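Welcome! Please take a moment to look over the sequence and the 3D view before reading on.

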Amino acid sequence: MKWVSFLATLLFCNTALAGGKLLATPGVSQIEGSAGGGIVPWAQLAGYASEDEWSIGAFCSRGNVKNYRLDVCGVQGNLFNRIELSYAEQEFEVPALNTRIEQKVSGVKVRLYGDIVYSDWPQLSVGIQHKSLKDGKVAKLLGAGSTRGDDIYLAASKLHLGALNGYNWFWNITARYSEANQTGLLGFGAKHADKSWLLEASSAVFLSREVALGVEFREKPNNLGLGESHWRDIFIAWFPNKSLNVTAAWLDLGSIAGVDQQTGWYVSITGYF
Amino acid sequence: MSLSNSYKRLLLAITMMVALSACQSTPTTLYQQVGEQAGLERLVDAFIKQIGQDEVVFPYFKQTNVSHFRAGFITHMCDVLDGPCTYEGDNMVQIHTGMKINEHDFNHTVDLLIAAMNEVRLSHSLQNKILARLAPLRAQIIKI
C-alpha cells in the first residue's frame, strides 16, 4: 500500500517546485536516506533546490540478495542547498530465521563548499547519520556493543563536463567514521572494536542527460568477526525529469552474518516535489 | 555472473566507447564541429527562440535589442569555441551587472541552451564540450 500511494503521488505531482539545479546533479537516494548513490552518501544535497529554494523528496528502495532482503522508504528535505535533512526506515528480512530487523536512520548533511558542476574544486559536505535498531535482539546475540550509533562522514563530489571524450564524468569520495555492523542492521561495535575511518567511492559516466552508468564501493569494518565484506555495486540511473529518478543496480555484498556470496539486485525510486 | 566479470565488461564497454569515438576523424575546433558561422547562427537562433518562449528568462531580455544580442552572442561563441573571431563587445560582467541572475535562473538558461542544441541536433558529446567551455563564465554572470 505504501508503494501504491507513493507512485500515485509521483504521477499526479509532475511539476517540480524547485528546479534550480541541472538534471541529475542531486544524485539519487542511498539506503540510509541521504542523497548519494545506492550505498554511498555523496556531497550533493537531495533534491533540486538551489540556494534560494527548498525542496522535499521521498524514496523507496529494495535490495534483494541471496539470503536477505532490505526494504527502505524515506523522506529528504533540502533547505537552500545548504542543509539536507533525511529520515529513513529500513526493514531487513531474514527469511531463514523468520526474522525482521528494523532500523531508523535520521540524517543531517551540510554543504561546506562548492557546486559539483561549477566550482573549481569538488563540492564538499559533512554529514551525520543517527541510527537506532527497534529491537536489538539479533545484534546483541551476535556480540554487538550497542543498538544505536552515529556515523559521521565527509564527502567530496565533482562532475567533469565532457571529460571522457565528450561524456560527463562524475566521481565521489566519502570518508566515514563508524562502528556500524552491516550499516547498523547488526548493531554497533563489539568487544575490542572501536570506531574507524572507512573509505567509500563512486564513479559514473552519463551516457545521455537522463542516463548514468556507474560503480560504487563501500569499505566495511569487521567488528563482529563474522567476515563482514566490503560492498560493491554497478548501477544505472534514469532521470526522465526533475521530479523522478529510477535506479537499478547489481549488488555484491559478500558475506552477511556469516553467509557468503550475497549477490543480487537493487531498485530504487525517488520523487522530488 | 560474478561482479568482477561485470566490472571487466563495463570497463571494456567504456574503453571501446571512448576508443571508437576517437577513431572518427573530427574537425579540430569546436567551432568547426558546430558547423562554423552557419551552424552557430542556427544554434543562436534556436536559443533566442527558446528564450522568447520562456516566461522565466524572457523578462531579463525585455530591454535587449535582439539583433545586437544575436550578433554579439554569435561572435562570443565563435571566440570561445576557437573560431576565427575575437569578441570585442562588452564583457560578461558589464552585460550582467544589475540583472541579479540567481542560481535557478542561470541553470534554467542552461536548460534552454541544451534544448536549443538538441533542436539543431548537436551530438551529446559536442554539447558537453561546449558547456564545459561556457561553465567557467558563470562566476562573471550570476548574482551581480
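What follows is a short tour of the disulfides, the contact between the chains, and the salt bridges.

Please keep in mind that this is a predicted model.

**Disulfides**

How many disulfides does a search of the whole structure find? Over all chains, the search finds 2 disulfides.

One disulfide is in chain A, where A:Cys60 is joined to A:Cys73 with an S to S distance of 2.0 Å. This pair links distant parts of the chain: A:Cys60 sits in strand E3 (residues 54-65) of chain A, while A:Cys73 sits in strand E4 (residues 69-79) of chain A, 13 residues apart. The torsion about the S-S bond of A:Cys60 and A:Cys73 is about 110°, so this disulfide is right-handed. Are the two cysteines buried or exposed? A:Cys60 counts as buried, at 2% relative accessibility, and A:Cys73 counts as buried too, at 18% relative accessibility.

The other disulfide is in chain B, between B:Cys78 and B:Cys85, with an S to S distance of 1.8 Å. Here the torsion about the S-S bond is about 80°, so the disulfide of B:Cys78 and B:Cys85 is right-handed. B:Cys78 is buried, with a relative accessible area of 0%, whereas B:Cys85 counts as partly exposed because its relative accessibility is 21%.

**Where the chains meet**

Now turn to the place where chain A and chain B touch. In this interface, 30 residues of chain A are in contact with 28 residues of chain B. The size of an interface is often given as the accessible area lost when the parts come together. For chain A and chain B, about 2600 Å² is buried between them, and 62% of it is on carbon and sulfur atoms.

Between chain A and chain B, the count is 9 residue pairs in polar contact, both residues being at pLDDT 80 or more. Several strands of chain A give two or more residues to the side that touches chain B, among them strand E9 (148-164), strand E10 (167-178) and strand E12 (196-206). Sorted by class, the side of chain A that touches chain B has 11 nonpolar, 8 polar and 11 charged residues.

There are 2 salt bridges between chain A and chain B. One of them pairs the side chains of B:Lys143 and A:Glu51.

**Salt bridges**

Over all chains, the count comes to 23 salt bridges.

| Salt bridge | N to O distance |
|---|---|
| B:Lys143 and A:Glu51 | 2.8 Å |
| A:Arg176 and A:Glu200 | 2.5 Å |
| B:Arg133 and B:Asp82 | 3.0 Å |

How is each partner placed? B:Lys143 is partly exposed, with a relative accessible area of 49%, and A:Glu51 is partly exposed, with a relative accessible area of 25%.

The side chains of A:Arg176 and A:Glu200 also meet in a salt bridge. A:Arg176 lies in strand E10 of chain A and A:Glu200 in strand E12 of chain A, so this pair ties together parts that are 24 residues apart in sequence. A:Arg176 is buried, with a relative accessible area of 1%, and A:Glu200 counts as buried at 0% relative accessibility.

In chain B, B:Arg133 forms a salt bridge with B:Asp82. B:Arg133 lies in helix H7 and B:Asp82 in the loop between helix H4 (66-80) and helix H5 (92-96) of chain B, so the pair ties together parts that are 51 residues apart in sequence. B:Arg133 is partly exposed, with a relative accessible area of 34%, and B:Asp82 is partly exposed, with a relative accessible area of 41%.

To finish, which residues do salt bridges with shared partners join into one network? The network is made up of A:Glu32, A:Lys131, A:Asp151, A:Arg176, A:Glu200 and A:Arg218.

Methods
Residues are numbered from 1 along each chain as its sequence is written. Chains are lettered from A and ligands numbered from 1 in the order in which they are written. This is a predicted model: local features need pLDDT of at least 70, side-chain atom pairs count only at pLDDT 80 or more; totals for chains, interfaces and linings use all residues. Side-chain values use heavy atoms; hydrogens and water are left out. A disulfide is a pair of cysteine sulfur atoms within 2.5 Å. Helices (H or I, at least four residues) and strands (E, at least two) are DSSP runs, numbered from the N terminus. Buried means under 20% relative accessible area, exposed over 50%, partly exposed in between (1.4 Å probe, protein chains only). Contact means heavy atoms within 4.5 Å. Buried area is the accessible area (1.4 Å probe) that two parts lose on being put together, summed over both. A salt bridge is a side-chain nitrogen of Lys or Arg within 4 Å of a carboxyl oxygen of Asp or Glu. A polar contact is a pair of N or O atoms within 3.5 Å; within protein, one must be able to donate a hydrogen and the other to accept it, and residues adjacent in sequence count only if both atoms are side-chain atoms. Ala, Val, Leu, Ile, Met, Phe, Trp, Tyr, Cys and Pro count as nonpolar, Asp, Glu, Lys and Arg as charged, and the others, Gly among them, as polar.
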